[in-house]
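Okay, hi everyone. I'll take you on a short tour of one protein model today, so please have the picture ready and follow along.

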Amino acid sequence: MRRLKMGLKLAAAALMLGAAAPQATPLNDRITGDIAPVHDPVIIREGGVVHVFSTGLGEGPDGIIAHRVSRDMIHWERAPAPLAALPAWAKTAIPGSGNAWAPDISFVDGRYRLYYAVSTFGSNRSAIGLLTTPTLDPAKPGYGWRDEGLVVMSTPADDFNAIDAAFIRDRQGRDWLSLGSFWSGLKLFALDRKTGKPADPKAKPIAIASRPAPAGAPAPVEAPYIFEHGGWYWLLASYDYCCKGNASTYYTVVARSKAITGPYLGKDGSAMLKGGGTILLRADLQEKGRFRGPGHPGHFRDTDGTDYVVYHAYDREAKGAPTLRIAPLRWGADGWPTAVN
């Protein structure tokens with residue numbers, strides 16, 4: 001009995017020490033350097049350098065597509081931009097366009113593919129373009145971005161908007177591009193593996209998410225990103241409104257499917273095609289209230305197997321500046337992720 005009591009006391013003491021032990025500072029509280037303004041970020045690693053590409057903000061040498069680098073995912077600095085100006089085809093296809101939105105970066109069959117959107121605000125006359133390079137390092141032989149031209153275009157005659165593209169290769173080796181915002185929702189296009197462009201340009205895209213609303217009412221859903229984990233395909237998307245600084249109501253949801261084409265369901269079984277899903281990222285609680293409108297997520301799996309979600313949020317302490325945010329994903333016993341913010 002004495003040994004049992006002593007064991008219980010030791011166990012209680014260990015629990016108290018564990019509770020009092022300092023927790024690791026979240027990555028988002030350590031990120032520093034050139035992290036704002038950053039809108040619609042995506043992330044990838046090449047060797048010892050991590051690269052973030054984001055929407056061009058129309059000024060300076062990275063006004064078309066912005067590029068930042070880090071060796072530790074904490075300290076960030078500017079890097080050479082992929083484009084000095086929009087290609088001539090993009091300016092012709094989308095009159096009034098001035099920069100590129102929402103890039104996506106992947107390494108595919110020996111070359112980096114950077115998809116990007118060209119549009120004007122509030123219009124679905126939009127286009128997805130493609131750049132490729134064998135390396136992201138300007139010091140390496142062969143570096144240089146090659147314009148691969150138009151991938152997908154939408155016009156007012158279409159029920160989708162060709163922005164916010166994201167690439168994925170499925171378990172069967174088939175290539176896909178998800179894209180879309182507002183209109184009838186998010187779509188999925190089957191790609192030709194060699195060109196990175198639609199396998200059948202006349203094929204109707206597959207619907208993967210929508211937010212039904214009364215006629216004429218807004219149905220904000222955008223920025224799809226699909227990745228694989230644990231035998232499931234996971235779809236990230238943003239609901240509500242970005243681009244309003246501190247007043248932004250953006251938030252991020254997640255859903256999963258056994259098939260890349262869907263249906264994608266939230267933890268409660270709610271369908272993304274009916275505006276469902278499970279909340280992954282939302283604004284800080286009102287009593288803290290610093291980072292608002294977390295959205296436009298991308299997924300990154302580092303070399304050690306850690307999954308991250310990269311996104312932007314609007315910093316109330318910096319006049320609502322869109323700011324780079326990166327959060328590890330913790331996979332629960334139920335198989336669902338939470339973002340460690």
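Cys 242 and Cys 243 form a disulfide, with 2.2 Å between their sulfur atoms. Keep in mind, for this and the rest of the talk, that we're looking at a predicted model.

Now, are its two cysteines buried or exposed? Cys 242 has 16% relative accessibility, so it counts as buried, because the cut-off for buried is under 20%. Cys 243 has 41%, so that one counts as partly exposed.

Next, empty space. Rolling a probe the size of a water molecule over the atoms shows where empty space is left. In this structure, there's one cavity of 30 Å³ or more, and the space in the largest cavity is about 70 Å³. Which elements give two or more residues to its lining? They are strand 6 (101–108), strand 14 (221–229) and strand 18 (291–301). If you want to find the spot on the picture, look for lining residues including Val 42, Asp 104, Asp 164, Tyr 225 and His 296. By type, the lining residues split into nine nonpolar, one polar and two charged.

On to the sheets. Strands of a sheet pair through backbone hydrogen bonds, either parallel or antiparallel. Here's one: four strands make an open sheet in the order 10-11-12-13, with antiparallel pairing. Strand 10 (166–169) and strand 13 (206–209) are at the edges with a single partner strand each, so one side of each has no neighbour in the sheet. From one strand to the next, the twist averages 30°. Zooming in, strand 12 (residues 186–191) is joined to strand 13 by three bridges, and Lys 187 has Ala 207 in strand 13 as its bridge partner.

Keep going past that strand and you reach the loop between strand 13 and strand 14, where you'll find Ala 215. With 86% relative accessibility, Ala 215 counts as exposed. The C-alpha atoms of Ala 215 and Trp 176 are 30 Å apart, and the two residues are 39 residues apart along the chain.

There's another open sheet of four strands, in the order 18-19-20-21, and the pairing is antiparallel here too. Which strands stand at the edges? Strand 18 and strand 21 (337–339) do, each with a single partner strand, so one side of each is left without a neighbour in the sheet. The twist here averages 30° from one strand to the next. Strand 20 (residues 321–331) pairs with strand 21 over three bridges, and Leu 329 is opposite Ala 339 in strand 21.

Last stop: strand 5. Strand 1 (residues 32–33) pairs with strand 5 (residues 75–78) in the parallel sense over two bridges, and Thr 32 is opposite His 75. Strand 4 (residues 65–70) is also joined to strand 5 by two bridges, but these strands run antiparallel. There, Arg 68 stands opposite Arg 78. The hairpin of strand 4 and strand 5 has four residues between the strands, and in it Met 73 takes a positive phi near 65°.

Terms used: Residues numbered from 1 in each chain as written. Predicted model: local features only at pLDDT ≥ 70, side-chain atom pairs only at ≥ 80, totals over all residues. Heavy atoms only, no water. 1 Å grid on protein atoms, 1.4 Å probe; cavity = no way out; pocket = protein on both sides within 12 Å on 5 of 7 lines; lining within 4 Å. Points joined across faces, edges and corners; volume = space filled by probe spheres on them. Nonpolar A, V, L, I, M, F, W, Y, C, P; charged D, E, K, R; others polar. Disulfide = S-S within 2.5 Å. Buried < 20%, exposed > 50% of the residue type's maximum accessible area, 1.4 Å probe, protein only. Pairing = 2+ DSSP bridges. Axes fitted to C-alpha atoms, helices over the stretch in contact; angles between N-to-C directions.
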